[in-house]
Amino acid sequence: NAHRNGELQLQASNMASEVERKARDFQRLKERALKSLLSMKRAGELEALAGRMFRAEEAEEEESSDLSAKERALRALLEMKRSGELERLAQEMGDTQARLVDKAVELRKVAADAGRSGELERIA
């Protein structure tokens, strides 16, 4: 039973660690995306892209086939920014980050409490 109890505590601890790792990875991704957008804005890339897109739309109806993948991605980001969707997504990412951190703390607490109370031994 002690062996099984140790295994269950280890599994709970590993799960909590994995949730914490995913939360950190998610936070880094969010920070990189926001830094990239800010950098593009500072460099004038978003405005330049908007100008190119406007000219391309006037020039021909099928502009999407003429735009590079990067330009299409930037166009989508610009549209998301204009519509407020980018801010909403950033807020959702922050909320998800907070939930992941809370879940990791909860898992660690449950594992610690179960180990102290002998509950894991009874379950095993």
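## Around helix α4

α4 is followed by Gly 84, whose phi is positive, near 90 degrees. Helices here are DSSP runs (H or I, at least four residues), numbered from the N terminus. This is a predicted model, where local features need pLDDT of at least 70 and side-chain atom pairs count only at pLDDT 80 or more, while totals for chains, interfaces and linings use all residues. Residues are numbered from 1 along each chain as its sequence is written, and side-chain values use heavy atoms, with hydrogens and water left out.

The protein chain averages 78, and 81% of the residues score at least 70. Helix α3 (residues 63-66) has the lowest confidence, a mean of 55, whereas α5 has the highest, at 83.

Back to α4: its 15 residues should span 21 Å at 1.5 Å a residue, and its end C-alpha atoms are 21 Å apart, which agrees. The expected span is 1.5 Å times one less than the number of residues. Glu 71, Leu 74, Leu 78 and Met 80 of α4 are buried. Buried means under 20% relative accessible area, exposed over 50%, and partly exposed in between (1.4 Å probe, protein chains only).

Two residues make a handy pair to look up; contact means heavy atoms within 4.5 Å, and neighbours up to four places away in sequence are not counted.

Leu 77 and Leu 46 are 31 residues apart in sequence, yet their C-alpha atoms are 8.9 Å apart in space.

## The largest pocket

About 280 Å³ of space lies in the largest pocket. Two or more lining residues come from each of α1 (2-42), α2 (45-59), α4 (69-83) and α5 (85-117). A pocket is an open set of points on a 1 Å grid over the protein atoms alone, where a 1.4 Å probe fits, with protein on both sides within 12 Å along at least five of seven lines; lining residues have an atom within 4 Å of a point. The volume is the space filled by probe spheres set on the points, which are joined across faces, edges and corners.

The lining has 13 residues, with Leu 37, Lys 41, Leu 46, Lys 81 and Leu 86 nearest the centre. α1 gives the largest share, five residues.

Technical notes. pLDDT is the predictor's confidence in each residue, from 0 to 100.
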